[in-house]
Amino acid sequence: MIQSLIFYLFSVILLLSGIMVVSARNPVHAVLFLILAFFNAAGLFLLMGAEFLAFILVIVYVGAVAVLFLFVVMMLDINFEDMRKGFHRYLPVGFAVGAVLLAQLVMVASAWVMDPQAISPASSGDNTRALGQVLYTDYFYPFQVSGLILLVAMIGAIVLTHRPPKNVRRQNVSSQLDRTVEDTVELVNVESGKGVL
């Protein structure tokens, strides 16, 4: 009984916060409602026994993605009222794209079957341990390759977006090493009594 009440509480708050994400006029409020939706979805995952997905949802989406959205929205000076002026004109196209996406999700969900070779959580202790055993035994190399691809993508994004500051004096090591003695040292014969003190 208590579990059912908690499920309905999380579900209602998740649905209401999802509606508020779309309908909120202030983008900062929309991101805060998105964080609330993520927390409630994590609570639903905990009720289903998928604690790994719940923790990943909180750590990755709330801790990184939603906070990043919040900082980007707060740093940009965008007039969102001007962007929403043509909203009703594109509403039928949005509904059509949403219907196609929903049909694809239904087709994928209806064709999905459970692999009998998969490790069940009951046989190995808990859900996180079973996922770790599958991930680091059967899919070890694809997991490492995906991590390497993400690392290369992150380094590439940093290299492409990094702009060095223009008004900062920096050391040019190659020009320092290419200097000759004639460019660096000048020998001057000064007559006696005519030097500068």
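Guide: What follows goes from the whole chain to a core, then to a surface patch and some aromatic pairs.

This is a predicted model, where local features need pLDDT of at least 70, side-chain atom pairs count only at pLDDT 80 or more, and totals for chains, interfaces and linings use all residues. Residues are numbered from 1 along each chain as its sequence is written, and side-chain values use heavy atoms, with hydrogens and water left out.

The protein has ten helices and zero strands. Helices (H or I, at least four residues) and strands (E, at least two) are DSSP runs, numbered from the N terminus. Of the 197 residues, 13% are buried. Buried means under 20% relative accessible area, exposed over 50%, and partly exposed in between, with a 1.4 Å probe and protein chains only.

Now the core. In soluble globular proteins, nonpolar side chains tend to be buried together. The largest nonpolar core here has eight residues: Ile35, Phe38, Ala41, Ala42, Ala54, Leu57, Val62 and Ala66. A nonpolar core is a set of buried Ala, Val, Leu, Ile, Met, Phe, Trp, Tyr and Cys residues joined through side-chain atoms within 4.5 Å. Helices α2 (27–48) and α3 (51–75) each give two or more residues to this core. Look at Val62. Beyond its neighbours within four places in sequence, Val62 is in contact (heavy atoms within 4.5 Å) with Ile35, Phe38, Phe39, Leu57 and Val67.

Next, the surface. Leu148, Leu151, Val152, Met154, Ile155, Ile158 and Val159 form a nonpolar patch with about 680 Å² of accessible area together. Patches take residues with over 30% relative accessible area and no salt bridge; like charges are joined within 9 Å, nonpolar side chains (Val, Leu, Ile, Met, Phe, Trp, Tyr) within 5 Å. A salt bridge is a side-chain nitrogen of Lys or Arg within 4 Å of a carboxyl oxygen of Asp or Glu. Areas come from the Shrake-Rupley method with a 1.4 Å probe; for residues, only the protein chains shown count as cover. Val152 is exposed, at 56% relative accessible area.

Last, the rings. The whole structure holds four aromatic pairs. Among them, Phe7 and Tyr8 are edge-to-face, 5.4 Å centre to centre with 65° between the planes. Rings of Phe, Tyr and Trp (its six-membered ring) pair if their centres lie within 6.5 Å; planes under 30 degrees apart count as stacked, over 60 as edge-to-face and the rest as tilted. Phe7 is partly exposed at 39%, while Tyr8 is exposed at 54%.
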